Amino acid sequence: MDFGHPYAVLRPVRSGNAFEETIEHLLQAIKVGLFPKGDKLPPERELAVHLGVSRATLRDALAELQRAGFIEVRRGRYGGTYILDSPTESVEKGEILDPEACHDALVFRSVVEPAAAELAATASLSAPARQHLQSCLADVLEADESTYRTRDARFHIAVAELSNCPSLVAAVTDARARASALLDQIPLLSANLAHSNQQHVALAESILQGNPTRARSLMADHLEGTASLLRGFMP
């Protein structure tokens with residue numbers, strides 16, 4: 001181990017949510033001082049290799065962190081990507097994320113939503129049930145940033161509704177409300193929304209095709225992307 005070097009501690013990306021996990025790892029490295037404020041980040045090629053992601057994914061993550069006010073790209077002789085002293089107001093708005101509340105909400109969600117997806121995929125779905133899921137999917141795919149979170153929540157609840165278990169629908173609705181409240185405290189990241197929608201499409205297909213194992217796995221992976229972002233922006 002190269003003690004004292006940021007790469008000795010900065011973890012490579014392991015999950016299928018490369019963009020979200022890259023955001024999480026970079027923010028954690030900044031917050032614990034691996035990349036001190038005012039310093040320049042290592043070259044993109046080095047960072048991408050160490051994180052195990054493509055340079056395109058890294059650039060998307062850096063672009064979102066720049067928009068959120070964590071980093072600044074400077075041109076010229078001393079150009080590069082620099083860590084800013086403090087985030088912009090867009091990140092500071094709202095309440096600070098409570099780590100305990102965040103952990104509780106994410107664990108609760110990780111239990112009830114994959115189960116709902118699995119049950120939905122095992123159910124004998126009527127034509128109206130299939131149409132309902134497809135309609136909610138279309139709505140979230142067409143959403144802009146102002147409507148995305150509510151339509152995203154509605155799609156997740158629609159999945160639970162196909163389970164034919166009212167108690168599970170209530171649990172998912174509660175889990176989704178808590179997750180939305182937490183997500184409202186961090187920036188909307190366009191690359192994350194695009195990736196989430198790809199996962200929504202795959203999830204809906206697995207349910208409509210009656211593949212419960214894949215539905216459960218896809219939902220778990222999808223939720224982990226959200227968890228990565230929330231952990232990254234957590235104080």
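This is a predicted model: local features need pLDDT of at least 70, side-chain atom pairs count only at pLDDT 80 or more; totals for chains, interfaces and linings use all residues.
Helix α5 (residues 99-122) takes part in two of the contacts considered here, one with α8 and one with α9. The axes of α5 and α8 approach within 9 Å, and the crossing angle is roughly 140 degrees. On the α5 side, the contact is formed by Cys102, Asp104, Ala105, Phe108, Arg109, Val112, Glu113, Ala115, Ala116 and Leu119. These residues meet Leu168, Ala171, Val172, Asp174, Ala175, Arg176, Arg178, Ala179 and Leu182 of α8. Sorted by class, the residues of the contact of α5 with α8 comprise 13 nonpolar and 6 charged, with no polar ones.

Against α9 (190-208), α5 packs at an angle of about 40 degrees, and the two axes lie 7 Å apart. Since only angles under 35 degrees count as roughly parallel, this arrangement makes α5 oblique to α9. The α5 residues involved are Ala117, Ala120 and Ala121, which meet Leu203, Ser206 and Ile207 in α9. Of the residues in the contact of α5 with α9, 5 are nonpolar, 1 is polar and none is charged.

A further contact joins α6 (residues 127-142) to α7 (148-161). The axes of α6 and α7 come within 8 Å and cross at roughly 160 degrees. With angles over 145 degrees counted as roughly antiparallel, this value makes α6 roughly antiparallel to α7. The crossing of α6 past α7 is left-handed. From α6, the contact draws on His132, Leu133, Cys136, Leu137, Asp139, Val140 and Glu142. The α7 side consists of Tyr148, Arg151, Asp152, Arg154, Phe155, Ala158, Val159 and Glu161. The contact of α6 with α7 contains 8 nonpolar residues, 1 polar residue and 6 charged residues.

The volume of the largest cavity is about 150 Å³. Its lining comprises 17 residues, and those nearest the cavity centre are Leu183, Asn192, Leu193, Ser196 and Thr226. At least two lining residues come from each of α7, α8 (166-183), α9 and α10 (212-233). Helix α7, which also packs against α6, gives the most to the lining, with 4 residues. Helices α8 and α9, both contributors to the lining, are also the partners of α5 in the contacts described above. By class, the lining of the largest cavity has 8 nonpolar, 5 polar and 4 charged residues.

Key:
Residues are numbered from 1 along each chain as its sequence is written. Side-chain values use heavy atoms; hydrogens and water are left out. On a 1 Å grid over the protein atoms alone, a cavity is a set of points where a 1.4 Å probe fits but cannot get out, and a pocket is an open set with protein on both sides within 12 Å along at least five of seven lines; lining residues have an atom within 4 Å of a point. Grid points are joined across faces, edges and corners, and a volume is the space filled by probe spheres set on the points. Ala, Val, Leu, Ile, Met, Phe, Trp, Tyr, Cys and Pro count as nonpolar, Asp, Glu, Lys and Arg as charged, and the others, Gly among them, as polar. Axes are lines fitted to C-alpha atoms, for helices over the stretch in contact, and angles run from 0 to 180 degrees between N-to-C directions. Angles under 35 degrees count as roughly parallel, over 145 as roughly antiparallel, 65 to 115 as roughly perpendicular and the rest as oblique. Contact means heavy atoms within 4.5 Å. A crossing is left-handed if the near helix is turned anticlockwise from the far one by less than a right angle, and right-handed if clockwise.
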